[in-house]
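Read it alongside the sequence and the model.

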Amino acid sequence: CICISLFTYGPVFASTSNEEASFVIETIDAYKGDEVVVNIHVNGNPGICAAAITLSYDQNIMQLTKVENGTVLDGLVPVNISNNPTKILWTTLADSTENGVIASLHFNINENAELGDSVINLTYNPDEIYNIDMENVAFNITNGSINIKCKHVAGGWETEVAASCINNGLEVQKCVQCGEIINEALMQQAINLEIGKLLVLHHALVKGVNSVHVRYVKRLNLEV
């Protein structure tokens, strides 16, 4: 009698529901010096009892101050927030199929942070997310970010487009910190007084002075 044993190497993945399981990190706006919260969401959860994820971010932009557990899994292991990358681990004795916020990340934005998007990355080891039957569960990942915005400080008005005798001009106020235009104002069409004076005088000399000329002369401070 010959017995043949078949061995399967590598992780065994559980079947998932129609909606693909995923981790989604929020994208939010913030200003220098802000304290903000960024949530990590779970969607399409087929059932897990343990998970470990790793987060990385730019410490020149922000500092992680707290990791708060969400509603998806109990059993959050204390997190060493001084590490970057930061590992977050949950372990329980029963599957959870809850969707929603699995963790809330508290950040302080540095006062000298550069403006623009700063990405928060999430990764995980396939062997470290599984259900009660010890089957690995695969998750898609959507990374998030914090968009650092400028608290604008308006400078003085300056001419962006000069007015002409036929077109309006444009004056603007720019932020003294980032240079972005934050206020605009139209400049009325410019009156070319020299040309106006010549036209009024010429017409008065050719046609004779009348009430129309008198009104223009008074407006332009002319003598005829």
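**Aromatic pairs and a loop asparagine**

Tyrosine 57 is buried, and phenylalanine 107 is buried too (buried: under 20% relative accessible area; exposed: over 50%; partly exposed: in between; 1.4 Å probe, protein chains only). The model is predicted: local features need pLDDT of at least 70, side-chain atom pairs count only at pLDDT 80 or more, and totals for chains, interfaces and linings use all residues. Residues are numbered from 1 along each chain as its sequence is written, and side-chain values use heavy atoms, with hydrogens and water left out.

**Aromatic pairs**

- The structure holds three aromatic pairs (ring centres of Phe, Tyr or Trp, its six-membered ring, within 6.5 Å; planes under 30 degrees apart are stacked, over 60 edge-to-face, the rest tilted).
- In one, the rings of phenylalanine 23 and tyrosine 124 have centres 6.2 Å apart and planes at 70°, so the pair is edge-to-face.
- Phenylalanine 23 lies in strand 1 (residues 22-25) and tyrosine 124 in the loop between strand 8 (116-123) and strand 9 (140-142), so the pair ties together parts 101 residues apart in sequence (strands are DSSP E runs of at least two residues, numbered from the N terminus).
- Phenylalanine 23 and tyrosine 124 are buried.
- The rings of tyrosine 57 and phenylalanine 107 have centres 5.3 Å apart and planes at 75°, so this pair is edge-to-face.
- Phe23, Tyr124 and Phe139 form one aromatic cluster.

**Asparagine 131**

- Asparagine 131 sits in the loop between strand 8 and strand 9.
- Its relative accessibility is 6%, so asparagine 131 counts as buried.
- The asparagine 131 side chain reaches the backbone nitrogen of aspartate 133 at 3.0 Å.

How values were computed
Helix = DSSP H or I, 4+ residues; strand = E, 2+ residues; numbered from the N terminus. Polar contact = N/O pair within 3.5 Å; in protein donor to acceptor, adjacent residues only side chain to side chain.
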